[in-house]
Amino acid sequence: MNENTQTANIEVEQNSDIIQITDMHKWYGDFHVLKNITLQVKKQERIVICGPSGSGKSTLIRCINRLEEHQKGKIVVDGIELTNDLKNIEKIRAEVGMVFQHFNLFPHLTILDNLTLGPIWVRKTPRAEAEDTAMYYLEKVRIAEQAKKYPGQLSGGQQQRVAIARSLCMKPNVMLFDEPTSALDPEMVKEVLDVMISLANDGMTMIVVSHEMGFARSVAHRVLFMDYGEIVEGNTPQAFFDNPQHDRTKLFLSQILD
Amino acid sequence: MEDNSQQQDTSTVKPPVTSVGAIGWVRTNLFNGPFNSLLTLGVLYLLWISVPPFVRWAFVDSVWMTDYMACRNIDGACWSVIPANLRFIIFGFYPHDLQWRPLLAMIILVVMLFYSQDRKRWKKSLLYLWGVALVIMGLLMKGGVPGLTPVESSQWGGLPLTLLLSVFGLASAYPVGIILALGRQSKMPVIKSLCVVYIELIRGVPLISLLFMSSVVFPLFLPEGVTVNAILRAQVAIIMFTAAYIAEVVRGGLQGMNKGQYEAADALGLNYFQTMRLIILPQALKIVIPPSVSILISAFKDTSLVVIIALYDLLKTTQSTLSDPKWMGFSAEAYIFVALIYFVCCFFMSNYSRRLEQELNTDL
């Protein structure tokens with residue numbers, strides 16, 4: 001009886017929250033990078049995390065697909081708890097797409113091979129099907145004509161769009177963006193943000209670490225502010241920008257918006 | 001009209017004769033300043049006193065197809081030492097009537113090497129083809145099946161032995177070296193320290209001592225009556241030795257890899273072996289092509305050290321020829337010939353590696 005209610009509970013939770021982080025802590029040696037993080041992300045929710053550099057925002061989202069290990073607390077992604085079990089980690093990584101600041105495309109493979117690698121080797125998709133999917137997403141990020149080129153032959157903005165398409169080819173449930181536009185030349189920021197906006201319109205669950213406040217305002221459901229490893233406050237964009245509660249948030253916003 | 005003609009003029013103006021063509025080249029490269037002019041003249045003088053005498057010795061005053069008596073009375077090179085002893089130099093003590101077999105085996109090997117050059121042919125079928133070729137080559141060398149008289153491996157020698165030791169030595173040392181390098185990077189302390197100890201131990205001793213150990217010490221540990229073929233023991237020593245060096249070179253490549261590549265592979269959900277095979281090694285090995293080819297080339301030449309455990313490789317057979325009283329004193333000719341064979345092989349390796357580097361270059 002008890003067990004039944006528990007499983008029922010979990011199912012309900014799965015339906016609503018795709019990511020659950022409870023009382024999570026992380027240390028680098030003695031340095032306490034993440035303190036008491038609790039965060040629920042609902043399906044199709046879009047969250048933007050901002051904060052000064054070194055505040056732990058990148059570390060937080062890197063904990064979600066276990067690129068970083070947390071030492072205390074609990075992270076549950078799509079009903080699977082992140083532990084040291086390699087099988088679970090690989091399962092979660094296949095469900096969670098990630099886009100990096102420096103793109104991290106595989107320079108020895110063509111764009112098309114960059115996109116088909118994951119589906120073929122992790123999902124065991126037949127090559128022809130994987131290539132069709134890849135071309136579909138390359139069309140979506142408007143870069144299909146570059147499929148046969150190598151990453152080194154593309155501009156930064158194009159590379160980042162390829163990186164987004166590469167993640168999408170795995171058909172992820174959640175997309176994590178780690179400062180996706182910070183390494184780009186200014187004129188290329190828009191083309192990447194446009195792709196992310198169209199992704200948002202398709203209902204993708206997204207967690208974005210970014211300082212693009214315009215993007216946060218128009219796309220996010222919730223904006224979180226982090227400082228010294230803590231989530232200081234989180235609110236709807238409107239409330240967050242127009243009526244910040246904490247002094248640290250106010251200070252940060254005044255610095256970034258001027 | 002005038003404008004037009006002027007335009008034509010400027011478009012057909014050529015740089016002054018002294019800055020292009022042969023004269024321009026000589027001026028910019030050989031005589032651009034007093035010091036360089038002096039160096040050029042000095043080098044020209046050295047060439048003048050060394051090249052003509054060598055050419056006279058090697059080509060003008062030389063004899064090519066005579067017997068040893070004719071060589072006694074000339075000033076030039078006696079190249080006859082090579083054709084007269086060619087079969088011994090190349091095949092060593094392999095039975096005279098059966099020498100077509102190692103010859104055929106070598107031809108198969110060379111054809112296979114050339115065939116495998118093209119990266120488009122690097123598929124599983126090529127691996128099977130090599131398997132078949134290896135069996136055929138082994139049968140040709142060893143015999144023992146109906147129609148082929150058995151030949152003891154103690155009679156193998158010369159070029160086939162050198163090629164056997166080097167081609168299989170290098171081909172097996174490379175993967176072993178990669179595994180050692182990956183082991184050294186491993187997070188598992190036991191594997192890591194095993195690899196470190198192995199690499200440092202092997203790099204700390206000369207190849208000669210390894211060869212000695214394989215031929216003298218190793219048999220002491222075998223139970224009575226059990227012997228391991230001398231060539232095989234030398235082969236294993238060469239593989240162990242070369243692998244340690246390859247491992248360190250490959251480790252350099254692995255450390256040169258951007259951390260982002262590992263993270264991107266992880267984020268896609270690739271496991272360790274997939275990450276290494278598909279993402280990390282293809283890039284790391286490409287970076288280390290130049291230093292690994294250096295190691296392969298030097299390992300190839302080091303196979304000649306097997307003379308000290310009484311294997312008759314190409315260099316040793318040549319030496320033996322020269323201890324024949326009839327041909328004593330013509331060592332320069334014989335060694336030049338052997339050096340040429342080694343050079344051709346090494347040149348081929350370095351040339352091929354350069355081509356491979358170009359083909360694998362995916363930047364603009």
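Let me start with Glu68(A), which in this predicted model is a buried residue, with a relative accessible area of 13%. The cut-off matters for that word, because buried means under 20% relative accessible area.

What does Glu68(A) form a salt bridge with? One partner is Lys26(A), and in that pair the closest N and O atoms are 4.0 Å apart. Looking at where the two residues sit, Glu68(A) is in the loop between helix 2 (57-64) and strand 4 (72-77) of chain A, while Lys26(A) belongs to strand 1 (residues 17-28) of chain A, so that the pair links distant parts of the chain, 42 residues apart. Lys26(A) counts as buried too, at 4% relative accessibility.

Glu68(A) also forms a salt bridge with Arg62(A), where the closest N and O atoms lie 3.2 Å apart, and both of these residues are buried.

Let me turn now to another pair in chain A, Arg123(A) and Glu95(A), which form a salt bridge with their closest N and O atoms 3.7 Å apart. Arg123(A) is found in the loop between helix 4 (111-121) and helix 5 (127-140) of chain A, and Glu95(A) is in helix 3 (residues 86-95) of that chain, so this pair ties together parts that are 28 residues apart in sequence. Is Arg123(A) buried or partly exposed? Its relative accessibility is 32%, and Arg123(A) therefore counts as partly exposed.

Coming back to Glu68(A), salt bridges that share partners join this residue with Lys26(A), Arg62(A), Lys259(B) and Glu263(B) into one network. As for the whole structure, a search over all chains finds 24 salt bridges.

Technical notes
Residues are numbered from 1 along each chain as its sequence is written. Chains are lettered from A and ligands numbered from 1 in the order in which they are written. This is a predicted model: local features need pLDDT of at least 70, side-chain atom pairs count only at pLDDT 80 or more; totals for chains, interfaces and linings use all residues. Side-chain values use heavy atoms; hydrogens and water are left out. A salt bridge is a side-chain nitrogen of Lys or Arg within 4 Å of a carboxyl oxygen of Asp or Glu. Helices (H or I, at least four residues) and strands (E, at least two) are DSSP runs, numbered from the N terminus. Buried means under 20% relative accessible area, exposed over 50%, partly exposed in between (1.4 Å probe, protein chains only).
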